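Please open the structure in your viewer and keep the selection tool at hand.

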Amino acid sequence: MQGKLDNLIVQMINENQETLKNNWLNEVNIFKEKELAGAITTLKLSEEIDQQFFELLIKHINYHDISKDGTLDQFFDQVLHTGLPLRYLTQGLQAARRVILNLLVETESDKEKLAAVYREIDRWLDPILNRVVENSSQIWERTVSIQKTALLELSAPLIPVFQNISVMPLIGSIDTERAKLIMENLLNGVIKYRSEVVLIDITGVPVVDTMVAHHIIQAADAVRLLGSTCILVGIRPEIAQTIVSLGIDLSQFPTKSTLQKGMENALEITNQQLISNK
Amino acid sequence: MDIQSCVEVRNEWDIVSARQLGRNMAKELGFGNVDQARITTAISELARNIYLYAGRGKICIEPIDQLGKKGLRIIALDNGPGIREIRKVMEDGYTTSGGLGAGLPGVKRLMDEFSIESTVDVGTEISATKWLR
């Protein structure tokens with residue numbers, strides 16, 4: 001029974017392809033004007049993509065199978081990769097459902113048959129919709145996780161500069177995850193490079209609150225336990241004021257305003273000197 | 001009163017966005033560099049407290065104008081466990097999480113006005129104001 005009905009629908013859709021297409025294009029255009037107006041991506045929403053979208057849908061109605069030959073998946077991927085919003089695809093599919101149902105409602109008056117038609121269409125379209133949403137969320141998840149690792153990679157490098165002197169420049173906000181990484185890299189690096197002095201540069205840290213200060217103090221303490229000295233540099237005047245207001249005690253280790261001053265201090269501690277070669 | 005802007009605090013990244021909102025509003029109102037740093041640090045402390053102790057809540061920031069006296073108010077709201085001993089948390093060095101214990105007393109010193117209301121098992125509301133000089 002079901003298969004027969006399905007064929008009937010397919011036949012009807014094929015016969016009325018032109019009308020459906022025009023109705024669908026109308027709906028999509030209305031959506032594009034209303035929702036995507038002003039977006040930069042509007043330029044890329046060419047008629048070509050619309051045509052391709054609809055043709056693929058019709059093609060897949062004839063296949064009775066959405067995953068067949070993968071052209072629909074490819075198309076979705078392609079659309080999402082060009083930076084078109086996911087809304088374009090979901091709205092497009094919903095519009096397809098609407099125009100097809102409208103057509104069928106016009107030609108079919110028997111209630112029972114109509115209900116069956118509704119179910120049939122849903123059964124065909126819902127997996128496609130799910131597929132689209134799944135694909136796009138996968139793309140996003142992948143992007144986010146790639147960026148997260150990229151961020152962690154440049155998170156807290158320890159750079160050996162002179163013999164026994166290393167620098168750790170910190171840039172950006174420090175959260176718990178980064179704080180752990182800072183501690184690990186710092187201690188591993190101190191052993192690896194046999195650093196006597198480590199300079200932690202916080203010029204690029206926008207806010208030093210009690211949590212950040214606490215982590216820096218702990219890191220400096222741990223470095224001290226390894227027998228090395230930690231110098232905190234790059235303290236901007238406004239940061240100095242907020243640290244004082246917060247009542248944070250940083251007197252246990254030396255601090256300097258700039259990396260340059262810290263470096264001079266570090267050279268002194270390690271009994272080294274920079275000599276100009278004239 | 002002016003429009004209030006709020007940021008929901010649910011994870012560590014929300015602390016950053018609350019801070020950014022505060023910094024932008026402070027800049028717009030004409031606060032100097034040092035006061036901007038004070039305000040953002042205070043927001044950071046309050047937002048972190050919400051994240052650490054209540055799990056979720058929100059930070060609202062509003063510009064205020066009282067008879068020509070301009071300023072910025074930060075309101076931190078949560079429905080967390082509340083604070084049992086307010087007097088104690090306002091002491092320097094008191095902490096239940098192993099931190100420095102400088103957060104709330106620090107916020108009070110960073111800002112010009114400070115008030116805290118908390119009911120156990122109901123939630124906490126902290127409001128702090130900085131005046132534009």
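A crossing of two helices is called right-handed if the near helix is turned clockwise from the far one by less than a right angle, and left-handed if it is turned anticlockwise. This term will be needed at a later stop. The model on display is predicted. For the complex, the predictor gives an ipTM of 0.85 and a pTM of 0.71.

**First stop: the sheet of chain B**

Select chain B, whose mean pLDDT is 89, with 98% of its residues at 70 or more. Five strands of this chain form an open sheet, and their order across it is β1-β2-β3-β5-β4, with antiparallel pairing. At the edges are β1 (residues 5-9) and β4 (residues 113-119) of chain B, each of which pairs on one side only. On average, neighbouring strands of the sheet are turned by 15° against each other, direction ignored.

Next, select residues 57-66 and 69-78 of chain B. These are strands β2 and β3, which pair in the antiparallel sense over ten bridges. Which residue of β3(B) is the bridge partner of I64(B)? The partner is G71(B). In general, strands of a sheet pair through backbone hydrogen bonds.

**Second stop: where the chains meet**

Show both chains. The contact takes 17 residues from chain A and 21 residues from chain B. On the chain A side, the elements that give two or more residues are α8 (210-225) and α9. Helix α9(A) provides the largest share of that side, six residues. By class, the side of chain A that touches chain B has six nonpolar, eight polar and three charged residues.

The crossing in which α9(A) passes α2(B) is right-handed.

Finally, display the side chains at this contact. From α9(A), select E238(A), I239(A), Q241(A), T242(A) and S245(A); from α2(B), select N33(B), V34(B), A37(B), R38(B) and T41(B). The residues of this contact divide into three nonpolar, five polar and two charged.

Notes
Residues numbered from 1 in each chain as written. Chains lettered and ligands numbered in written order. Predicted model: local features only at pLDDT ≥ 70, side-chain atom pairs only at ≥ 80, totals over all residues. Pairing = 2+ DSSP bridges. Helix = DSSP H or I, 4+ residues; strand = E, 2+ residues; numbered from the N terminus. Axes fitted to C-alpha atoms, helices over the stretch in contact; angles between N-to-C directions. pLDDT = per-residue confidence, 0-100. Contact = placed C-beta atoms within 7 Å. Nonpolar A, V, L, I, M, F, W, Y, C, P; charged D, E, K, R; others polar.
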